[in-house]
Amino acid sequence: MSTCATASRDLSEPLAGTAATAPTWLLVEQPGPWGAEALTASRLDPRLGRALERVTQGTGVRVALIRRPGRHADCHLPARHRVFVAHTGPGASWIRTTALTDPARLLELDFAALGAGNEAGLRDEWSAYTGDPLVLVCTNGKRDRCCALLGRPLAAELAASGAEGTWEITHIGGHRFSPTLVVLPYGYAYGRATAQHVTEVIEAVRAGHVVTAGSRGRSTWERPGQAADLAVRELTGEARAEALTVLRTEGAAPAWTVTVAHTDGRRWDVSLAQVAAAPPRPQSCGTALGSPARIDVIGIRAAVAATR
């Protein structure tokens, strides 16, 4: 059976610079089936879903539903919803969690503050999350069949292997890169993942490191910044998650210069260009063939040497 993921894999479509942009994630546990627009098509009150979409717009907070791997013919509402807020900014990555009987209380949060990485946007009942890295595997078959066909088995395998931070998530973009996932707190997304590869990613995150192989980029930044960060990591071999940050991005599509800084004072200017992928391929199963934009690294120039 031909799928968008098969076409993308066969064409060796690059992964870098394709992650969703989300400096902060709000993850709300909601078992049961999900529709294509899960916030308003699940067992979550659709009025709440619409309200969350409205109040988070433009704040840097991305809202998604999550559930534990397994069967999802659940007809009952959970007594309490596990909720996570995770900020992915370099040097300020954190995860906070709580359990809510009434998820409508989420509307009381200060989403502008949370999008900026300010924990003051939370309320008193939130506590620091101390468990395994959160592994969020996209499994929503109503968005694209590849997410269900490839994502759900991966999530189940990870959970069975003891990766306790594994959850299914509604939508993180990039169906054609399935199975795709985001790992928190650092926010690096991955595509065409295998259980063995994700296990390596989890071990790296536990040590405060990043695995660049198979990475789509860090959700903290827009896509040029994602590609530039990965390019500098590949050039220098820097694996520490908090060692690099994107200082600025100059230009606009189809050409940018992104300045990436190291905590030791080094800086690099990364030149990037947006090009149309060829030949045409489906960006999602059942859609017409198209030429999705990809971001190519044209060059990297060392701008500032280390100061210490």
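## Pairing in the sheet

Two strands pair if DSSP finds at least two bridges between them. By that rule, strand β2 (residues 61-67) and β7 pair in the antiparallel sense, over two bridges. Ile 66 stands opposite Ile 169 in β7. The model described here is predicted.

These strands belong to an open sheet of 10 strands with mixed pairing. Its order is β5-β4-β3-β1-β2-β7-β6-β8-β9-β10. At the edges stand β5 (127-128) and β10 (215-218). Each has a single partner strand, so one side of each is left without a neighbour in the sheet.

## Around strand β7

In the sheet order, β7 stands between β2 and β6. Strand β6 (residues 134-138) runs parallel to β7, and four bridges join them. Val 137 stands opposite Glu 168 in β7. To get from β6 to β7, the chain passes through helix α4 (residues 145-160). This β-α-β crossover is right-handed.

Strand β7 (residues 166-169) is covered on both faces. Thr 166 and Glu 168 are buried on one side. Trp 167 and Ile 169 are buried on the other.

Strand β6 also has a partner in β8 (residues 181-184). Those two run antiparallel and are joined by four bridges. Val 135 stands opposite Val 183 in β8.

Thr 257 has Ser 271 in β13 as its bridge partner. The two strands form a hairpin with four residues between them. In the turn, Gly 265 has a positive phi of about 105 degrees.

Strand β13 also pairs with β16. They run antiparallel, and 10 bridges join them. One of the facing pairs is Ala 273 with Asp 296 in β16.

## Helix α6

Helix α6 (residues 223-236) has 14 residues. At 1.5 Å a residue, they should span 20 Å. The end C-alpha atoms are 20 Å apart, which agrees.

The helix is mostly covered, with 10 of its 14 residues buried. Among them are Pro 224, Gly 225, Leu 230, Val 232 and Arg 233.

One joins Ser 178 and Pro 179, with omega about -5 degrees. Pro 179 is in the loop between β7 and β8. Another joins Ala 253 and Pro 254, with omega about 15 degrees. Pro 254 is in the loop between β11 (244-252) and β12 (255-262).

Ser 12 is not a glycine, yet it has a positive phi of about 50 degrees. It is in the loop between α1 (4-10) and β1 (24-29). Ser 12 is exposed, at 56% relative accessible area. Arg 192 also has a positive phi of about 50 degrees, although it is not a glycine. Arg 192 is in the loop between β9 (188-190) and α5 (195-206). At 18% relative accessibility, Arg 192 counts as buried, because buried means under 20%.

## Salt bridges

Side chains of opposite charge can pair when their charged atoms come close. A search of the whole structure finds 19 salt bridges. One of them joins Arg 143 and Glu 37, with the closest N and O atoms 3.0 Å apart. Arg 143 lies in the loop between β6 and α4, and Glu 37 in the loop between β1 and α2 (46-56), so the pair ties together parts that are 106 residues apart in sequence. Arg 143 is partly exposed, at 27%. Glu 37 is partly exposed too, at 47%.

Arg 152 and Glu 168 form another salt bridge, at 3.9 Å from N to O. Arg 152 is in helix α4 and Glu 168 in strand β7, 16 residues apart. Arg 152 is partly exposed, at 33%, whereas Glu 168 is buried, at 1%. Asp 264 and Arg 266 also meet in a salt bridge, at 2.9 Å. Asp 264 is buried, at 12%, and Arg 266 is partly exposed, at 25%. Arg 105, Glu 108, Arg 123 and Glu 125 are linked in a network of salt bridges.

## A nonpolar surface patch

Leu 235, Val 297 and Ile 300 form a nonpolar patch on the surface. Together they have about 230 Å² of accessible area. Ile 300 lies in strand β16 (residues 293-304). Ile 300 is partly exposed, with a relative accessible area of 31%.

Terms used:
Residues are numbered from 1 along each chain as its sequence is written. This is a predicted model: local features need pLDDT of at least 70, side-chain atom pairs count only at pLDDT 80 or more; totals for chains, interfaces and linings use all residues. Side-chain values use heavy atoms; hydrogens and water are left out. Patches are made of residues with over 30% relative accessible area and no salt bridge: like charges are joined within 9 Å, nonpolar side chains (Val, Leu, Ile, Met, Phe, Trp, Tyr) within 5 Å. Accessible areas come from the Shrake-Rupley method with a 1.4 Å probe; for residues, only the protein chains shown count as cover. A salt bridge is a side-chain nitrogen of Lys or Arg within 4 Å of a carboxyl oxygen of Asp or Glu. Buried means under 20% relative accessible area, exposed over 50%, partly exposed in between (1.4 Å probe, protein chains only). A crossover is right-handed if, with the strands pointing away from the viewer, the path from the first strand over the helix to the second runs clockwise. The expected span of a helix is 1.5 Å times one less than its number of residues.
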